[in-house]
Structures are given as structure tokens and as C-alpha cells.
Amino acid sequence: MTGKTLPKWIVGFLAIALAIPLVAKAADSRGTAPSVASAPADAFGGQKTCPVTGKTLGDMGKPIAVDVGGGQTIFVCCKGCVSKVKANPEFYLKKVQDEKGTQK
């Protein structure tokens, strides 16, 4: 192939093929949490979803534990949800208790 250039689709394909292992390695190094489907039943205190967004815990990375007082901890999907829970902990604690069916 002296003096010829590769078709653009081949160059694009090679760029993607070479990037995939790098992206996978970066995701592994972040230490992301398993999704709820693969986590033990009691993972995250039995909680399955973020009380703020409703997203499945583990879908956006490692869930974050938030102390809501009284020795109670709930989990949220991301840093953005922490401040919302801290601003209204009773509301979000009730949502988690309703989800788990352990209304106190």
C-alpha cells in the first residue's frame, strides 16, 4: 500500500477497536460497585434504588452512604443526591423504608 491512504471507515474502525480496551481498563480501575442485580440481597442495607432519582443503585458507580441521623444510613446513586438527602432526611428515609417495606 505504498503511497495510498486507508479509507476513512477503516481508520475509524481501528480507532474504536484500539480504544475499547482502554475504556474497559479505566472502568475497572474506578472500582465501580456491582449493580443491584449482581449484589447480595442485603447489599446497601437491602435498598435497591436511589430515593432521590429512583435509579438502580450501582448504575452510576459506587453508591454513597448518607447518615440521616438516629443511627440510620441510606444510600444514594451519586454525589449530587447527598445534599438533597441531607436537606430533607426524614422525607428520603421514609421513601427508603417504604421501598424496603419496613415502615417504622
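The model is predicted, with local features requiring pLDDT of at least 70 and side-chain atom pairs counted only at pLDDT 80 or more, while totals for chains, interfaces and linings use all residues. Residues are numbered from 1 along each chain as its sequence is written, and side-chain values use heavy atoms, leaving out hydrogens and water.

The predictor's confidence in each residue is given as pLDDT, from 0 to 100. For the protein the mean pLDDT is 78, and 62% of the residues reach 70 or more. Helices (DSSP runs of H or I, at least four residues) and strands (runs of E, at least two) are numbered from the N terminus. Confidence is lowest in α1, with a mean of 60, and highest in α2, at 96. Over residues 27-36 pLDDT stays under 50, and the model has 19 contacts there beyond four places in sequence; a contact means heavy atoms within 4.5 Å. Where pLDDT is low, the predicted coordinates should not be read in detail.

Strands β1 (residues 64-69) and β2 (residues 72-76) pair in the antiparallel sense over 5 bridges; pairing requires that DSSP finds at least two bridges between two strands. Asp-67 has Thr-73 of β2 as its bridge partner, and Ala-65 stands opposite Phe-75 in β2. The hairpin has 2 residues between the strands, and Gly-70 takes a positive phi near 65 degrees in this hairpin.

Helix α2 covers residues 79-87, and Cys-81, Val-82 and Val-85 are buried in it; buried means under 20% relative accessible area, exposed over 50% and partly exposed in between, with a 1.4 Å probe and protein chains only. The buried residues of α2 fall within an arc of 115 degrees seen down its axis, so they line one face of the helix. This arc is that of the directions from the helix axis to the C-beta atoms. The face turned away from the buried side carries exposed Lys-79 and Ala-87. On the buried side, the residues pack against β1, β2 and α3 (89-100).

A nonpolar core is a set of buried Ala, Val, Leu, Ile, Met, Phe, Trp, Tyr and Cys residues joined through side-chain atoms within 4.5 Å. The largest one has 16 residues, of which Cys-50, Val-66, Val-68, Ile-74, Val-76 and Val-85 touch the most other members. At least two residues of this core come from each of β1, β2, α2 and α3. Not counting residues up to four places away in sequence, Val-76 touches several residues, including Cys-50, Leu-57, Val-66 and Val-85.

Ile-74 belongs to strand β2 and counts as buried because its relative accessibility is 1%. Beyond four places in sequence, its contacts include Pro-51, Val-68, Val-85 and Tyr-92. Leu-93 is 19 residues from Ile-74 in sequence, and their C-alpha atoms are 7.0 Å apart.

Gln-47 sits in the loop between α1 (8-29) and β1, and counts as buried at 2% relative accessibility. A polar atom of the Gln-47 side chain lies 3.0 Å from the backbone oxygen of Thr-49, and one lies 2.6 Å from the backbone oxygen of Phe-75. Outside four places in sequence, Gln-47 is in contact with residues including Leu-57, Ile-74 and Val-96.

Notes. Polar contact = N/O pair within 3.5 Å; in protein donor to acceptor, adjacent residues only side chain to side chain.
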